[in-house]
2 protein chains.
Amino acid sequence: MDLKATPSLGGAAAPAPLPDEELGHLDAYWRAANYLSVGQIYLLDNPLLREPLKPGHVKPRLLGHWGTSPGLNFIYVHLNRVIKAQDLDMIYVAGPGHGGPALVANTYLEGSYSEFYPDVTEDEAGLRRLFRQFSFPGGVGSHVTAETPGSIHEGGELGYALSHAFGAAFDNPELIVACVIGDGEAETGPLATAWHSNKFLNPARDGAVLPILHLNGYKIANPTLLARIDPRELDALLRGYGYAPRYVEGNDPAAMHRQMAVVLDEVIAEIRAIQAQARTQAATERPRWPMIVLRSPKGWTGPKEVDGKKTEGHFRSHQVPLAELHTNPDHLRQLESWLKSYRPDELFDENGRLRTELKALAPQGTRRMGANPHANGGLRLRGLKLPDCRAFAVAVPAPGAAQAESTRVMGQYLREVMRLNAEHRNFRVFGPDETASNRLGALFEVTGRAWMERTEPDDDHLAADGRVMEILSEHSCQGWLEGYLLTGRHGLFSCYEAFIHIVDSMFNQHAKWLKVSKAVPWRRPVASLNYLLTSHVWRQDHNGFSHQDPGFIDHVVNKKADVIRVYLPPDANTLLCVTECCLRSRDLVNVVVAGKQPQPQWLGMDAAIKHCTAGIGIWDWASNDDGDPDLVMACAGDAPTLETLAAVQILREHRPELKIRVVNVVDLMTLQPREEHPHGLSDRDFDTIFTTDKPILFAYHGYPWLVHRLTYRRTNHGNLHVRGYKEEGTTTTPFDMLVRNDMDRFHLVCDAIDRVPALGSRAASLRQAMRDRLIEHRAYITEHGEDPPDIRDWTWTA
Amino acid sequence: MDLKATPSLGGAAAPAPLPDEELGHLDAYWRAANYLSVGQIYLLDNPLLREPLKPGHVKPRLLGHWGTSPGLNFIYVHLNRVIKAQDLDMIYVAGPGHGGPALVANTYLEGSYSEFYPDVTEDEAGLRRLFRQFSFPGGVGSHVTAETPGSIHEGGELGYALSHAFGAAFDNPELIVACVIGDGEAETGPLATAWHSNKFLNPARDGAVLPILHLNGYKIANPTLLARIDPRELDALLRGYGYAPRYVEGNDPAAMHRQMAVVLDEVIAEIRAIQAQARTQAATERPRWPMIVLRSPKGWTGPKEVDGKKTEGHFRSHQVPLAELHTNPDHLRQLESWLKSYRPDELFDENGRLRTELKALAPQGTRRMGANPHANGGLRLRGLKLPDCRAFAVAVPAPGAAQAESTRVMGQYLREVMRLNAEHRNFRVFGPDETASNRLGALFEVTGRAWMERTEPDDDHLAADGRVMEILSEHSCQGWLEGYLLTGRHGLFSCYEAFIHIVDSMFNQHAKWLKVSKAVPWRRPVASLNYLLTSHVWRQDHNGFSHQDPGFIDHVVNKKADVIRVYLPPDANTLLCVTECCLRSRDLVNVVVAGKQPQPQWLGMDAAIKHCTAGIGIWDWASNDDGDPDLVMACAGDAPTLETLAAVQILREHRPELKIRVVNVVDLMTLQPREEHPHGLSDRDFDTIFTTDKPILFAYHGYPWLVHRLTYRRTNHGNLHVRGYKEEGTTTTPFDMLVRNDMDRFHLVCDAIDRVPALGSRAASLRQAMRDRLIEHRAYITEHGEDPPDIRDWTWTA
């Protein structure tokens, strides 16, 4: 059998560390991967072309992306070579995830695919199935989805390859994450700043990321910037980012194989040298990590021209270079000769199985990138040792009889989580320069902020081995954390509430990943993605309107109920309970919203645990309804809870005959029907709490309509009146923020009066008193610039 | 009067193109700006320190950001110098927008502030008011908000300074946009890629952007990356981005003034030379634009130490370096001596007015950056010449009797808009490499894609004077468009529906800007921000689940009703009407969702205009209810409309006795109560259309709960049943996408049956038939990989 590579191989004259025979095998393996990529896009049947290609063999709808696939295959084949030669622990992040056919092809060739999907056998029938299922109803997606072995990165929405790769490499000292970055993706903002992740990766402690910038020159219909700028600019840019780039450029396969082999050997050696130096000499200076720039034609080895138009090396290769195969016999012939150019008969034996001598090129067992356990992170997941949250409880002798900053208390808990898990190095806290601002500073008693740059004497807790990850890029924080979680570790992202919207789309993709991965039998559960949203809408004293936006909750609850949770703990002890619950959970996105300012505490620890376990409850100590209220006053969120209690206090003082039930909601999803969300209350329980016919006044942390959206099917929805943030804000006092949004105690009292007709004429004087209080407040803050003492210092006195 | 600068001035020995006297004046002006910045943060009264500073003169709540302010002031003062010397047309984009005190101070000093706010007079009373209002209830925000003269960029959420600046510079050949980029902001993704905007700016046609990277070294609690990396790396990075950086570095004011003056003269000369060459020789190669790196201490000229801790040149200067002024007399004395270090008596005359010789340093009239009309873009807005959309109408002899791709038709309209306004150069179309994919390719008949890099023979419509802006960065597209609109021009952003979430937070900030600017009397209306969202959730055949997300609409409707609009035109002619309406509108964000695939057309142009004018309507031609329906079948969006009609057809064929009313919604906000949204239907009109008691089956483009949220107050809400996208997707056929989300015709028929009890036993057989059809469909697509012909080719036959 002839394993000489494609004809052009003969022409190369570069120095050849790669023996010709090995080169021939590599090229053959690459041809096999390319063949399988094209086959997936086009073929329904006749997978080995053992009969002449007929229209009936071709899929009726041609979907998928050829353009990037041969480059992805080329890289995979060469990575296999170094993995096998040096027994490397490596995973593959395919930024151009729409090159799904390439990753499916390679995991199939190495055998991991058939292990995960036994139906897709390594024979002609398996090949037929492999081809048919791609982008086919009931089959597999066209991207490197959660169904794809070896993937932690779907890559449909571009921008996150490099931050995912760094997240995977943190705390995995033996791992090398090869990260292919398409030159399209390289134009996105998140990717453009993710290069700076190298400033946070410690070669002594962490693994390595090998960025491979793949310049194939084109996007959907445009050239790419990085492929067209002066190569000297490109080189300066990459060096400016702190890398030492090496270039593999051309289109002649043999020459390219030789170049790539040499360069890969060099960069692996360099990575090993950097690591050895860091690990033996405890060097803390950031090294210039190597990277590769691979410049190869888009749609490499595909049709040179289609209908007289340049196709290989052009954006016309982006998706499906040949179309109308059922009606255009020329195209059908061209497809057949394209497929045959890979010489499938040389690659697959009579049963359709990859020939043994090629099979031998793939690594074995878990060294295969499709079977590397890092890419199925749940396999490696070790649960966190969690301290008992009772140990951090704020003493609350009576409701309101203590003050605390909720997130500061949480910080003490996180400090202990950090300490208890230090030896396993599987927990990090992420945030855009806000860990201290968000009052989680206790963490710095046990760890520092990861930092590999120069330090100065007055720096605050910068450390090469820090486990708090701070960069002023929400995208990088989110991407790092996702990569860290998907490789089997734990973390928390604390962020200003308004600016978490910066990663809305990243959250979307992660939530989608979780939904799909839960249905993939071999994917093991991973730790949940935990958000602490603080510096929230009601307390943006320094910043104002631009920093006021509670809409991330609305965004989150659009995703599948079985992957999302939203918690609004009203005080420190409930925040502790919720934090512990989130850190124990798996395969979820948990959103926790809690303030950082001093505020009254409501529940002692036992009560907090009970309340959080239920997720919602009647606060008897604040209620006087004896089981039959005139009015239900519900609240969710710390600011609304305080304000509701203040309103209740006024009502009870002035209208003691009014029977009020106070309901507090910690777990927002309890409001949804049980059929819609696993945490949803049954209608019976909901009706018991909210009644079926009494007015409900609900003070909610965010946009009020969300509560309507969650409850519109409930019996008593018609009596529900919700107050919340209605996009009125500026730089003003905390209480004035509530006033502007009609959620202050005085407005709530008026709302209550309006909803209890039984109060009759006795209501008028109270309403007038509330209006007077609002006018007095306005006058006071206009004069003094702060809220009056009776509001600042208000406490609950039952 | 002594106008010698701060004492350290004497020490500088650099060559001095700046005469000492001018330097002294410049420094004095800078001191005045710094004084006013500190005063705004701290003082309630005693604005000129004409009596000893007492606690009562100090604000009770200290809010604001000092750290960046002296640098912003330094830059402003020096820009004033070159504006005045060379009569430049310049605006100032302050990336660190939280340095609001600096911009307010400077516009006050130059006089523009008092012109816009006559109450804030140029005397001691005005100073008192200026100080007091800052971050004070009822006063002005702490950021460079819409209330700040000269601002087009609030800068609260970091990342967008540079893309805004480029957007402002496009098509403004005489304008120079000075853009200050904080080193914190420089870490964000959107900013990191916005540097590449220079590849799209044509020096012959566009103005110039002068980036000023301000390295003050610190964020909130961390050093910044770009300030700490090796300066050679920084230089390589900036050169890699395509700029020629010049450095102004130090902390000695005199030396810094001299350096800055020299460098600014040089860069302005260089900009002029680049422009002259491009404009006389029609050079199309991208120049290496100059930029400035200003390295100065954070909190420059502020307290060196506070309580023994380093403060100037440290992150402790970020917000308020001195606190507890009411209780700490040492701090109060330190504040007084800090303020006095600027020597206010030398700066302001006995009335509190800036001394004449300093006043003379500011430019005059509209050359003042606070009064430049570009920064109040509505002043410069010229309405687009819009073609009559009738000229582009698709002929629709009868409903369903024509096929068209809606966005392709829209593309023809946009081509004419582009052509008609070519001479005024005030219209551009933005999109991340998707203009052709989204079938707006007709634009390329009259313009190209802006592109300043190398071209190759097979490139497609790349042109240095192109007006289609394509970069694979939704952030850059959005930022450019915002900058373009806020300086008085028009545009449209076309994007894949799912990926518009990438700019959720940018949309938030723009919507907030619009809300605030509408309340600023001197801000003139600007053109609306128009989104075309296509390649939508129902037609992601090539990509699958990661590309399926209709949630941007949900995100948008959280913002103030008077700035947002959402349109779901069901076919090409309605899309034309909506497009024309959006391009005429002002101060809005318009979201238009429309598909690009061939589909039946429902309305001729007259009917489309009528329908769009109402925004919602009963389609009589599809209804048989004679004013008294058994069932209302409503739809919004092109896919739901088609599917609803297909279901209606089945129902009418099999149960002709069932009286069905078909309602189509183009303008989603008609569903909201009129009290909530200006386009909302009155309850009476809503009830007339939807009835008060008949079942409503609503097929909606996006997440179904949004329709509930918009309608929960309507009389008939209890009878409303909504189908929509419920986060079920993959790579599959178009019809299977509907099936997976229960919104296909067969499910809709079953839903209808379930909701009309009058059908009684006659329902069972039809329900069974629908189930059979679903099973047949499943079998067909599993076999063939595409939808059966009777579904693909279905047309309405009334």
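**Close-up views of a predicted model**

**View 1. Helices H1 and H5 of chain A are oblique to each other.** Oblique is the class left over when angles under 35 degrees count as roughly parallel, those over 145 as roughly antiparallel and those from 65 to 115 as roughly perpendicular. H1(A), residues 20-42, and H5(A), residues 124-133, pack at an angle of about 55°, with their axes 6 Å apart; axes are lines fitted to C-alpha atoms, for helices over the stretch in contact, and angles run from 0 to 180 degrees between N-to-C directions. The helices and strands named in these legends are DSSP runs numbered from the N terminus, helices being H or I with at least four residues and strands being E with at least two. This is a predicted model, in which local features need pLDDT of at least 70 and side-chain atom pairs count only at pLDDT 80 or more, while totals for chains, interfaces and linings use all residues. Residues are numbered from 1 along each chain as its sequence is written, chains are lettered from A and ligands numbered from 1 in the order in which they are written, and side-chain values use heavy atoms, with hydrogens and water left out.

H1(A) passes H5(A) in a right-handed crossing; a crossing is right-handed if the near helix is turned clockwise from the far one by less than a right angle, and left-handed if anticlockwise. Tyr35(A), Leu36(A), Gly39(A) and Gln40(A) of H1(A) are in contact, meaning heavy atoms within 4.5 Å, with Leu127(A), Leu130(A) and Phe131(A) of H5(A). Sorted by class, the residues of this contact are five nonpolar, two polar and no charged, where Ala, Val, Leu, Ile, Met, Phe, Trp, Tyr, Cys and Pro count as nonpolar, Asp, Glu, Lys and Arg as charged, and the others, Gly among them, as polar.

**View 2. Helix H9 of chain A packs with helix H9 of chain B.** In each of the two chains H9 covers residues 231-240, and the pair packs at an angle of about 140°, with the axes 7 Å apart. That angle makes H9(A) oblique to H9(B), and H9(A) passes H9(B) in a left-handed crossing. Glu233(A), Ala236(A), Leu237(A), Arg239(A) and Gly240(A) make the contact from H9(A), and Glu233(B), Ala236(B), Leu237(B), Arg239(B) and Gly240(B) make it from H9(B). By class, this contact holds four nonpolar, two polar and four charged residues.

**View 3. Helices H18 and H19 of chain B cross at roughly 50°.** The axes of H18(B), residues 572-584, and H19(B), residues 605-614, come within 9 Å, and the two helices are therefore oblique to each other. Their crossing is right-handed. On H18(B), Asn573(B), Thr574(B), Leu576(B), Cys577(B) and Val578(B) meet Met605(B), Ala608(B), Ile609(B), His611(B) and Cys612(B) on H19(B); these residues divide into seven nonpolar, three polar and no charged.

**View 4. Helix H6 of chain A is mostly covered.** Nine of the nine residues of H6(A), 161-169, are buried, a word that means under 20% relative accessible area, with exposed meaning over 50% and partly exposed in between (1.4 Å probe, protein chains only). Among the buried residues are His164(A) and Phe166(A). The cover includes strands E1 (89-94), E2 (175-182), E3 (208-215) and E4 (243-249) of chain A, together with helices H7 (189-194) and H15 (474-486) of that chain. Just after H6(A), Asp171(A) takes a positive phi of about 65°.

**View 5. Arg425(A) and Arg439(A) have positive phi angles.** Arg425(A), which is not a glycine, has a phi of about 45°, and its place is the loop between helix H14 (406-420) and strand E9 (427-431) of chain A. Arg439(A), also not a glycine, has a phi of about 70° and lies in the loop between E9 and strand E10 (449-450) of chain A. At 31% relative accessibility Arg425(A) counts as partly exposed, whereas Arg439(A), at 19%, counts as buried.

**View 6. Val409(A) lies in helix H14 of chain A.** Val409(A) is buried, with a relative accessible area of 8%. With neighbours within four places in sequence left aside, Val409(A) is in contact with Phe392(A), Val394(A), Ala404(A), Ala572(A) and Leu576(A).

**View 7. The whole structure holds zero disulfides.** A disulfide is a pair of cysteine sulfur atoms within 2.5 Å. The sulfur of Cys477(A) is 7.6 Å from the closest cysteine sulfur, that of Cys495(A), which is too far for a bond; Cys477(A) is buried, at 0% relative accessibility. In chain B, the sulfur of Cys495(B) has its closest cysteine sulfur in Cys477(B), at 7.6 Å, again too far for a bond, and Cys495(B) is buried with a relative accessible area of 0%.
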